[in-house]
Amino acid sequence: MAKPPFSSALILAGCLHATVKLYRCTHLQEQLAALGVNAEAMDWTDQRFADDTAGRYDLLVLQRTVMTANLQQLIDQMHSQGRPVVFDTDDLVFEPAMTDWHRGVTRLPPAEQELYDDGVRRSLAVLDASDALLAASPLLVELAQRRGKPAFLHRNAVGGEMMALGDELYHVRRARPAPPGGTVVIGYGSGTPTHDVDFEEALPALLDLLARHPHVELWLAGPLEAPPELAVFGARVRRFPLMNWRAYLELASRFDIALAPLERGNLFCRAKSEIKFVEAGLLGIPTVATRIDPFAHAIEHEADGFLAGHTGEWIAALDALVTQPALRQSVGEAARHKVEQHYSLAARAGELATTLAQLRAAVDKGADAPPTAPEAEPPLVLNWVINEPFPGSGGHLGVFRMIHHLVEFGHECHIYVIPVAHMHDYSPQQLRDFVDQHFLRTGAHFHRWTGRVVEADATFATHWLTAYDVASLPNPGRRYYLVQDFEPYFYPMGTDYLRAEQTYRLGLHCVTLGPWLAGLMRNQYGATADHFNFALDPEIYHPQAQARTGHPRVAFYARPSTPRRAYELGIEALHLVKQRCPEAEIILFGAEQLTTPPPFPALNLGVRNQYELAALYASCDVGLVLSLTNPSFVPLEMMACKCAVVDLRSERVQGLLADGVNALLADPTPGAIADRILTLLWDEPLRTALVERAYADVQARSWQASARQIEQVLLAHAPPPGKRRLVQRTQHGDADSLRWQIEQLLDQQTPAHRETAELEALLRRALADKAQLAEQLRTHKGAGDEPPTRATRVGGSLETARTRWLEQLPAWVQGGQRLSKLVINGAVIEQRFRAERSHLCAVTLRFASHQSPAGGLLQVKLVDEAQPDVALAEQTIAAADIKPDQPYPLAFRPQPHSSGRLYSLRLTPMGGDGRFAHALWRAWTADPHTVLQRDGAQLKGRLWLHVDYAQPTNRAGVAAPNAPQPEHVTTIARRQGAHAVRETRRLAAKTWQALHTVGVGGLVREVIQYLRWQVDKRIRP
């Protein structure tokens, strides 16, 4: 081991959080001591140091400190004596433009957010004043290098005391007898309250696992706020307080499986280290972790741990570990071996000796010394000019998706929105909120278009209408054109076609979706062009356990309003399929209205969101997609859901679809297309082989990789590193920099009272609920137990007869629905229904007045029939809380994959005689998937309830519908009778007038005209 270039060091701990200080200060001190360096670690509290402090240490390590006058003085003293200063961090705490990625900060009140931002700016000042960075993750190293600072990777590791305790607990754990009943414990420890969003990565899988395996327990340590969905598992979910590292390791030694979830796509999470894997591995425990930077480096998938990129992978990994004890042991032992080899004190001290030598050389040579890692490119400043987005726009989603990943790579992106219909008065914050809600979180800076943009390294046009604006800008840097389709084909030959086509001749460098468009730009228009690959989101599109019918199903992407989707050709082909295979079910999707309905039975699902489409694809055998321009995303998405694909044979699909390999391609004739569909329907072995190859092919496609392709194009044409806008802004602080920083601060303004108001409303509601429930319980408790008198018995018989009459006579009408009242009399009422859309988020009940003196409590519970032991929502309602004929919503977390699933709503009377003061409205018509039961006996019709669905990215609460009140048939009859009388009088007066003015012949003509008008109204209401 090489001798280190320093003999003494001072480590100042700026972050006193127990785990951070332990790994970055105490363990670093141990590693330095192992190298013969006399290192001292102390807490930094902005104390003033003696003048001779700098002379007593060769190296100063500042662990997550912020700049103050006292600290600046110490740094100056070290530099005056030629002694290096190193800034050390294991979190993203020095990039002011990236604080939005910290979930914990975004939840703080504005005043506290400003304090945090100020701390980040002062941490950056410490980094700028230091000679180098020592960081726990490669992303932190890369970000510092982009600022021109020498940076070195020094990963976290265990110390001597931790290793000794870990060894002891490991051997105790191995000797511990198996628990009774084969209990398997899954554990998770949170150090701060900021991990709630991280935990949601694993939550759906945990709910599935706990529901299917009664012997599994979940242990949660620390301040994590346990999701309410876990409450249904009672004592199987155990909570433990935040504890020191020794106590936590003792608790963790009783885990069988460790969880390490982090929010995917979040820069703050990507900058973290792999501590959770290291601690579990020290104890010989297998870890299931998010497939994200720190864990992707540490874990060899399925060898010494498991990586999960979406819910399906979380379920598969946890299920394998729960059901296979031998796998748990082998993976845990492999993790233990890796920790001993790569994360021990000895291993890390050896790496530190090399790092210190390189750090010394870098300091001696100055800022031009090469860093240990390959020098990273300074980030780019990118402008994006877009037309006003609207919900459901696939083109906008494609743009925002690429921006999201480029920001994730460290580039600064500015989005300029050109108002069209609704956004003329939108603030930057409103623009950001709209995109966050309806598309995805980009991390970009938003601006309303004013004809100007900030100085940038590159500016993108994203639609042909924006291309003219970008071409005329005086200061965009290099100009690019993001081309996702051949837009002239969107119009008939005419002015718009020619104007759209002309944009390819404006001299903008085209970056196209797929290779066909790039070739078209180069060959037909002489433009320079590069392409990025088609991809998909595996979190949404993956195989699902959908109920399959006994007959074949074919899905057709049917959009008659879009000529490039060849609707008429597809319909002709499917007509032939239906003739030759009558049992085939044809499902159309993509358009709400079909201008030319198909000449055969077919179900049109209209426009559906991505989650609903994924459910559809997973339930179909064959998918038909016809692309006459650039291919659609639909074929790839169908392939990811294991649905066989038929498309047209064309050069446009080269590199995407291969005939007989991952799809079947047909010539553009109805007969050829029908033959290919029938081949797949009738030849199951061929279809299965095709589906499996297609599924394997799409696994290698990701939007992150496609964004990397765009980044490579930009870097190839970018200015030299020293000339890039972000570097110049950092060095010179130009006016444009000041302007966009001011805009950014303005963007972040939110009402300071909002969180306080929300909290106050929540508390008031909770207190009101408790008061009402207490009053209802008191009423029940005070009720006497006197024996029934004769009058009471007679009254009871009358009440029973009245109840039967209420339930059997549909005497109310609303919106064409015949309604009756279903009395709640102690029996359990249950209704099963099928969700028609994704993101089921609320079920709204409608209670009816019953004229009963009873109060009562009613337990309402909603479950997914695929997981009947897990309640999506569970609530006890007091009769006093209910206002008859007013909606009563039961809201819960949106269910992304609800489309096509069966759900069960159970209403159970509680306490007393089980009677309830209100009845339920009951409709007398129901679809085949809706079943209403009372005490297990099936009833006719269904509960008159309303089902709500959230937008796929909507984070707002669910508003209960305010439906009109049902009317009794006598009320309707009286109103119709009165109307008939008035109409008769009016017609009689008009008839008498006509006889006097136009005679009998004219009267006959008027009668005929009136009858025609009435018939026409009935035909076309």
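A salt bridge is a side-chain nitrogen of Lys or Arg within 4 Å of a carboxyl oxygen of Asp or Glu. Arginine 649 lies in the loop between strand 24 (644-648) and strand 25 (664-666), and aspartate 667 in the loop between strand 25 and helix 24 (670-682), so the pair ties together parts that are 18 residues apart in sequence. Here helices (H or I, at least four residues) and strands (E, at least two) are DSSP runs, numbered from the N terminus. Arginine 649 counts as partly exposed because its relative accessibility is 42%, and aspartate 667 counts as partly exposed because its value is 40%. For these words, buried means under 20% relative accessible area, exposed means over 50%, and partly exposed lies in between (1.4 Å probe, protein chains only).

The structure is a predicted model, in which local features need pLDDT of at least 70 and side-chain atom pairs count only at pLDDT 80 or more, while totals for chains, interfaces and linings use all residues. Residues are numbered from 1 along each chain as its sequence is written, and side-chain values use heavy atoms, with hydrogens and water left out.

In the whole structure, a search finds 38 salt bridges. Another of them joins the side chains of aspartate 91 and lysine 272, at 3.3 Å from N to O. Aspartate 91 is in the loop between strand 4 (85-89) and helix 3 (103-106), and lysine 272 is in the loop between helix 10 and helix 11 (275-282), so this pair ties together parts that are 181 residues apart in sequence. Both aspartate 91 and lysine 272 are buried. A further salt bridge links aspartate 52 with arginine 56, their closest N and O atoms being 3.9 Å apart. Aspartate 52 is partly exposed because its relative accessible area is 47%; arginine 56, at 45% relative accessibility, is also partly exposed.

Glutamate 263 counts as buried because its relative accessibility is 11%. A polar contact (a pair of N or O atoms within 3.5 Å; within protein, one must be able to donate a hydrogen and the other to accept it, and residues adjacent in sequence count only if both atoms are side-chain atoms) of 3.0 Å joins the side chains of glutamate 263 and asparagine 266.
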